Amino acid sequence: MTAVNANIASPRLLLVAGGAVKQIAEVLAKFGLSRPLVVTDPFMVSSGLVRNCLDPLAAAGITAAVFSDTVPDPTDTVVETGVRELAKGQYDCLIGFGGGSPIDTAKAMAILSAGGGKMRDYKAPASADTAKLPVIAIPTTAGTGSECTRFTVITDTERDEKMLIAGLGALPLAAIVDYELTFSVPPRTTADTGIDSFTHALEAYVSKRANPFSDALALAAMELIGRHIRTAYAEPRNAIAREGMMIGATQAGLAFSNSSVALVHGMSRPIGAHFHVPHGLSNAMLLPAITRYSVSGAEPRYAEASRRVGFAAVTDTDPVAAAKLVTGLEALNKEMSVPTPADFGITEAAWFQKMPLMAEQALASGSPNNNPRVPAAAEIIALYQEVWTGAPRNA
Ligand SMILES: NC(=O)c1ccc[n+]([C@@H]2O[C@H](COP(=O)([O-])OP(=O)(O)OC[C@H]3O[C@@H](n4cnc5c(N)ncnc54)[C@H](O)[C@@H]3O)[C@@H](O)[C@H]2O)c1
Ligand SMILES: [Fe+2]
């Protein structure tokens with residue numbers, strides 16, 4: 001093993017249990033907090049799901065204000081609105097309640113309130129280490145892992161760019177990880193967010209920045225997600241599957257936050273920015289082709305991932321197991337009805353026209369540099385083309 005050079009960070013408290021959201025007031029009290037602004041999305045309010053957070057606060061005598069104007073794939077303009085809202089009250093913390101979008105919005109509000117300027121001033125490779133207020137994250141999808149990562153992903157609306165913002169300022173103080181909140185997630189979102197989690201674990205494990213801490217979490221996450229993703233998709237109220245997916249998502253978040261993501265995420269963000277494909281879905285569209293391309297850079301690791309997720313047998317050789325990872329991911333996409341970019345409604349002309357810009361934005365994010373096989377811009381364009389046609393090119 002090469003010498004370890006790791007930089008490990010995690011929230012101070014992770015409360016992980018079915019029903020744990022009921023303890024939200026106790027969690028705030030542990031940190032001396034009592035004036036939260038709850039950041040969530042309109043569906044959480046209209047569906048009543050946000051009451052899972054507001055009712056236990058009210059029972060403890062805390063009437064929380066709610067900012068519910070967050071959007072999927074949060075934008076700089078929504079964050080700016082949120083910062084103005086934050087300035088209107090005497091808040092001492094933010095509660096991000098929802099999927100990755102509300103949690104990322106809360107994190108970005110805390111960062112922008114501290115340093116001012118524009119969200120793009122904080123984009124990687126800058127380090128966003130300061131937040132004005134602590135964030136308590138309560139995920140309702142399984143999931144982005146945002147509840148325990150040092151990242152937030154915000155779209156620059158002027159440049160159509162999904163920016164990665166990284167630093168300790170984006171790391172929540174605490175998270176409440178309660179799988180019961182995910183029972184209502186519909187199958188499409190269960191599949192998309194579940195594949196996002198799997199991609200986090202796989203990319204953390206094959207990343208050039210992998211280390212013994214991230215490896216342990218990534219391998220555990222791949223096992224859990226491999227065991228439970230199909231059941232969670234087919235049986236939304238299956239508690240064992242939902243719990244397995246929630247724990248897997250959080251482990252995967254800790255894994256990639258302490259290692260990195262890689263080429264799939266680098267290429268996925270521009271698809272989200274230009275074509276508004278949900279984050280997990282654009283990962284799923286890319287995952288088989290990018291894995292096929294990357295295997296030669298870390299075959300033993302891809303093989304081990306394939307065994308852990310359950311696509312390969314422990315007795316399979318590395319080349320066989322790695323090949324089974326690619327075919328297993330293709331089959332999983334089929335089983336969970338992952339659309340192609342064309343099925344999603346993107347036109348061939350638009351996809352091909354955006355490929356050079358998407359390749360440039362993917363490289364600029366820095367994520368592809370962590371991939372075990374690092375592509376040049378022309379190779380990224382060829383990979384986007386392969387994802388469109390569905391036909392493997394000669395690697
Ligand atoms: N910060 C990080 O480390 C990190 C990591 C990965 C992804 N992300 C970002 O997270 C965002 C995606 O987050 P997401 O995939 O969780 O989606 P999301 O937050 O956009 O939610 C997707 C949809 O699911 C609904 N939903 C959420 N919880 C639900 C529930 N319990 N029941 C029913 N519906 C529910 C939402 O209302 C929304 O309509 C993207 O912007 C992505 O870039 C961030
Ligand atoms: Fe992701």
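1. Conventions. Residues are numbered from 1 along each chain as its sequence is written, chains are lettered from A and ligands numbered from 1 in the order in which they are written. Because this is a predicted model, local features need pLDDT of at least 70 and side-chain atom pairs count only at pLDDT 80 or more, while totals for chains, interfaces and linings use all residues, and side-chain values use heavy atoms, with hydrogens and water left out.

2. Helices (H or I, at least four residues) and strands (E, at least two) are DSSP runs numbered from the N terminus. H265 is buried, at a relative accessible area of 4%, where buried means under 20%, exposed over 50% and partly exposed in between, with a 1.4 Å probe and protein chains only.

3. Geometry of that site. For reference, ideal angles are 109.5 degrees for four tetrahedral donors, and 90 or 180 degrees for six octahedral ones.

4. Surroundings of ligand 1. The shell around ligand 1 holds 32 residues, the closest being D41, G100, S101, T140 and T149; a residue belongs to it if one of its heavy atoms lies within 4 Å. At least two residues of the shell come from each of α2 (42-46), α5 (100-115), β6 (151-156) and α6 (187-206), and α5 gives the largest share, with five residues. By class, the shell around ligand 1 comprises 12 nonpolar, 14 polar and six charged residues, where Ala, Val, Leu, Ile, Met, Phe, Trp, Tyr, Cys and Pro count as nonpolar, Asp, Glu, Lys and Arg as charged, and the others, Gly among them, as polar.

5. Atom pairs and cover at ligand 1. An N or O atom in the side chain of T149 is 2.7 Å from an oxygen atom of ligand 1, and a polar side-chain atom of K162 lies 3.1 Å from an oxygen atom of ligand 1. A polar backbone atom of F151 is 2.9 Å from a nitrogen atom of ligand 1. On its own, ligand 1 has 870 Å² of accessible area, and the protein covers 89% of this; the areas come from the Shrake-Rupley method with a 1.4 Å probe.

6. Backbone details. The peptide bond joining A124 and P125 is cis, with omega about 15°, and P125 is in the loop between α5 and β5 (135-139). D73, a residue other than glycine, has a positive phi near 55°; D73 sits in the loop between β3 (65-67) and α4 (76-88) and is buried at 17% relative accessible area. S337, also not a glycine, has a positive phi of about 50°; S337 is in the loop between α12 (318-335) and α13 (341-344) and counts as partly exposed at 47% relative accessibility.

7. C-alpha separations. A191, in helix α6, is buried at 0% relative accessibility, and its C-alpha atom is 7.3 Å from that of I229, 38 residues apart along the chain. G194, in helix α6, is likewise buried at 0%, while G194 and N5 are 189 residues apart in sequence and 30 Å apart in space, C-alpha to C-alpha. E26, in helix α1 (residues 24-30), is partly exposed at 45%; the C-alpha atoms of E26 and S296, 270 residues apart along the chain, are separated by 49 Å.

Definitions and conventions
A polar contact is a pair of N or O atoms within 3.5 Å; within protein, one must be able to donate a hydrogen and the other to accept it, and residues adjacent in sequence count only if both atoms are side-chain atoms.
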